[in-house]
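Here are a few exercises to work through with the model open beside you. Try each one yourself before reading the solution.

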Amino acid sequence: MLNGVKIIAYGERDGIQGPSIVACVEAAGADVIYQATECFV
Amino acid sequence: MVKKLVEEHGAENLMMIIGTPDIEGAELVAETVTEGDPSYAGPLAGVSLGLPVYHILEPAIRAEIPEDLYKEHLAMMAMVIDPQELETALAKYRKKKSLKKS
Amino acid sequence: MLISSKAIIKQVAYILAHVPDLVRYGSKPAREIAAGRTKLAELEQHLRSFDDTVAYPPNQIFIGNISPDDYADLPEPWYENLLRGKSRYGPFGEIMPQDELYGIMKMWDKFNLIDLSPSFTALLNGRLATHPLITTEDRERLGEGTPQEKIEVKVEKEASLPLYHNGQLVGCVNRAHEQDETLTAHVMLENLLTKVTGILVTRHLIRNSSIEPDKIDYLLSCSEEAVGDRYNRGGGNMAKAIGEEAYCVNASGCDIKSFCAGTVLAIIHSAALISAGLFNEIIVVGGGSFSKIGMKFQGHMKHNMPILEDVLGGIAILLSRDDGTSPVVNLACTGKHDISAGATAQAIYEVLILDPLQKMGMKITDVDKYAVEMHNPEVTLPMGSGNVPLTNYKTIAAMAAMRGEIDREELPEFIQSRGMPGFSPTQGHIASAVPYLGHALKLINDGKINNALFAAKGSLFLGRMTNLADGVSFLLEKNSGRD
C-alpha cells in the first residue's frame, strides 16, 4: 500500500509530527515529497 | 504549497498521511482535501485536491510500519486516539473522493 | 547542583483586554475580509459585549474569581451560561474594556503613534480616573485629543490605521516611518498592544505583591511580538519598555523567546539567576499576541457563536529569593527538549515529564496537578483544532499506563484528578501552562496540593528554520521552610 507511493506528510504538534510520519512511511518504502507540521493554536 | 505538489505530481500518484491527535481534526483535513471546505484555516483552505487521506495510525497503514518504529513514534498516540474509529471516519471521505472521480 | 538560594514564586498577575473593534485587524480576519470571503458587517454581528466577556466563565477563571475546579458546576456551552454579577476585577488582575485600552495605548506611547479624538479623550479621562492603577500623571498624557478632521486625513492620506469603538471612528494608529515595513501602523499597533498589556499586568503584579517597584532587579519578557526597525527586525527588549512604565527604575531586562515555550523558559531562567545570587527579584512578563485575535473566527461564525478570540492576554510572575513560605521552583526538577530528542509525542513527554521526575526519584503519579497548554476548548473545537489540554492529558495518562503506573482503565480518572479543562485565551505563550500558576500557588499555600508540574511546548517549525519543536518544564512545590 505504501511501497513506491508518493506521500505528503502532514503532521500536527500535539499528535504525530511531520518527521515521525516521514520516518515511519519511508521505512515502509514510501517516497515523501513534502512534510510539514501544523500548530492550530 | 500542497496544491502545487498535486499539480506537479498528479493526484492519482499521491497520498496524504496525517497525524492529528483527534478524529475531528482528521476529518477536517480530509474534508478540506477532498472537498475544499472553505471554512478551514490552514494552507489547504478552499482547495479541492482529490487526494486520498489516511491517518498514520489507521490499521492499513500501521500494518506496514516496522514494529520498532511503531513503538518509537506511534504507540503512545495510539492510546490517545482509537485507530478503528479513525478508519471509519476517514473511509467516508475516501469513498466520497472515488464517487466524485467516477 | 550547587544552589545558593531556592527561588520562589511570590505572586502572579493575569489580565485580559477586550478588543472587539480590533478583531477585523487580526491576521486571519484581515486576510479574509480583504479577500472578500468574509463581510465585515457579518463578522460584527458575532462580536461580544464587554459585559458578556466579563461574565464568560473561562475569563473569570483566568482572573481568579473562580477556580478551574468550579468547571464541574458550570453548564456548557460556557458562552451561553454566563456568570452575571461577577466583577471585571479579580484577585489576579482584571478584564479591561476596549476604550480604556485605547487610553493606555495613548498614555504609554512615546512616539505619537496614537491619536484619539477630543470627545473620546474627555470620556476616557473620566473613565480612567476610577482605575486603581492609573495615576493622574498617566491621565495627563492623554492630552486634549486630536481634531476628528485631522484623524480622518491621517487615515485617508498617511496610511494610519483607524481605531473604532462601538463602530465609531475615535482615533488612529500611525506608522512610525514612511517606508520601513517593520514600522507600519499595523506593526506599531501589534507591538504597542503587547507593550501596554504587559505594563498593565506588571502594575497589577506589583500591587498584588505589595513590593516596591524599585526593588525589582530584572525583567524578562516572553511576549511573541517582534520589535525593531528594518535593520533589526525582532531586535527586541520589550522587557525594558514595559518596566519603564511600571516604575521598575532599578531594573534592567531582556527578552526570552521560544514560541509558546518562552514563558516557562523565562521562569526557569529567572529562578536560575536568583539561585545563583545574581538578582533578588525578577519579573517574568508576557503581553498579548494581537495577531492571534480572531484566528478561528470562521469556526465560531459557522457555529453561530460569538467570536471568542476577542481578548488579549497578559501575564506577570514575580520570582524572588527564598522567603521560607512561598512555593519553590525546583531547579533540580526541570525538563528540556534536546536537539537530538526527536519530535514524537513519546520523546517530548519523556523529556518534559519523565526526565525531571526521574531526577527526583518521583513517579508520574507523584505529581498532584499537571499544567499543560491550557487553551480554552470552546475556542478551538468549533474550528476542528481539537481539545488541546485534553489531548495533552490523555498523552500523559497514556505514558503513565505504558509505564505500568496506572491501569488503562484508570486513564479517565487520572485525567480528571490531575488535569483540568482549558480556560486560557488562545494567545500562545500566555496559554502555555502558566495560567494555572496563580491557582496552583493558592492551592499549595492552602495545603490542598503539594506540587504541580508545568510543561510547555513551542512550535519552532512554524518559522521554517527547523523541523524541531521545543519543550520545557519545571516542578513547583511546597516550600519546606528556609534552608
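**Exercise 1.** With which residue does C:Glu32 form a salt bridge, and how far apart are the closest N and O atoms?

*Solution.* Keep in mind that this is a predicted model.
- Step 1: The partner is C:Arg37, with the closest N and O atoms 2.7 Å apart.
- Step 2: Now look at accessibility, where buried means under 20% and exposed means over 50%. C:Glu32 counts as buried because its relative accessibility is 4%.
- Step 3: C:Arg37 has a relative accessibility of 58%, so this residue counts as exposed.

**Exercise 2.** Find the salt bridge between C:Arg88 and C:Glu100, and work out which parts of chain C the pair ties together.

*Solution.*
- Step 1: The closest N and O atoms of C:Arg88 and C:Glu100 are 2.9 Å apart.
- Step 2: C:Arg88 sits in the loop between helix 4 (57–62) and strand 2 (93–96) of chain C, while C:Glu100 belongs to helix 5 (residues 98–107), so the bridge ties together parts 12 residues apart in sequence.
- Step 3: C:Arg88 is buried, at 15% relative accessible area, and C:Glu100 is buried too, at 3%.
- Step 4: Widen the view: a network of salt bridges links C:Arg88 and C:Glu100 with C:Glu94, C:Asp99 and C:Arg127.

**Exercise 3.** Locate the salt bridge between C:Lys154 and C:Asp115, and decide whether the two residues are buried or exposed.

*Solution.*
- Step 1: The two side chains meet at 2.6 Å, N to O.
- Step 2: C:Lys154 lies in helix 8 (residues 148–157) and C:Asp115 in strand 3 (residues 114–116) of chain C, so to speak distant parts of the chain, 39 residues apart.
- Step 3: Both C:Lys154 and C:Asp115 are buried.
- Step 4: For the overall tally, the whole structure holds 29 salt bridges over all chains.

**Exercise 4.** Which backbone oxygen does the side chain of C:Thr395 reach?

*Solution.*
- Step 1: Start in helix 15 of chain C, where C:Thr395 is found.
- Step 2: The side chain of C:Thr395 reaches the backbone oxygen of C:Thr391 at 2.6 Å.
- Step 3: With a relative accessibility of 1%, C:Thr395 counts as buried.

**Exercise 5.** Which residues form a negative surface patch, and where is C:Glu409 found?

*Solution.*
- Step 1: The patch is made of C:Asp407, C:Glu409, C:Glu410 and C:Glu413.
- Step 2: C:Glu409 occupies the loop between helix 15 (388–402) and helix 16 (411–418) of chain C.
- Step 3: C:Glu409 counts as exposed, at 66% relative accessibility.

Notes:
Residues are numbered from 1 along each chain as its sequence is written. Chains are lettered from A and ligands numbered from 1 in the order in which they are written. This is a predicted model: local features need pLDDT of at least 70, side-chain atom pairs count only at pLDDT 80 or more; totals for chains, interfaces and linings use all residues. Side-chain values use heavy atoms; hydrogens and water are left out. Patches are made of residues with over 30% relative accessible area and no salt bridge: like charges are joined within 9 Å, nonpolar side chains (Val, Leu, Ile, Met, Phe, Trp, Tyr) within 5 Å. Accessible areas come from the Shrake-Rupley method with a 1.4 Å probe; for residues, only the protein chains shown count as cover. A salt bridge is a side-chain nitrogen of Lys or Arg within 4 Å of a carboxyl oxygen of Asp or Glu. Lys and Arg count as positive and Asp and Glu as negative; His and the chain ends are not counted. The place of a charge is taken as NZ of Lys, CZ of Arg, CG of Asp or CD of Glu. Helices (H or I, at least four residues) and strands (E, at least two) are DSSP runs, numbered from the N terminus. Buried means under 20% relative accessible area, exposed over 50%, partly exposed in between (1.4 Å probe, protein chains only). A polar contact is a pair of N or O atoms within 3.5 Å; within protein, one must be able to donate a hydrogen and the other to accept it, and residues adjacent in sequence count only if both atoms are side-chain atoms.
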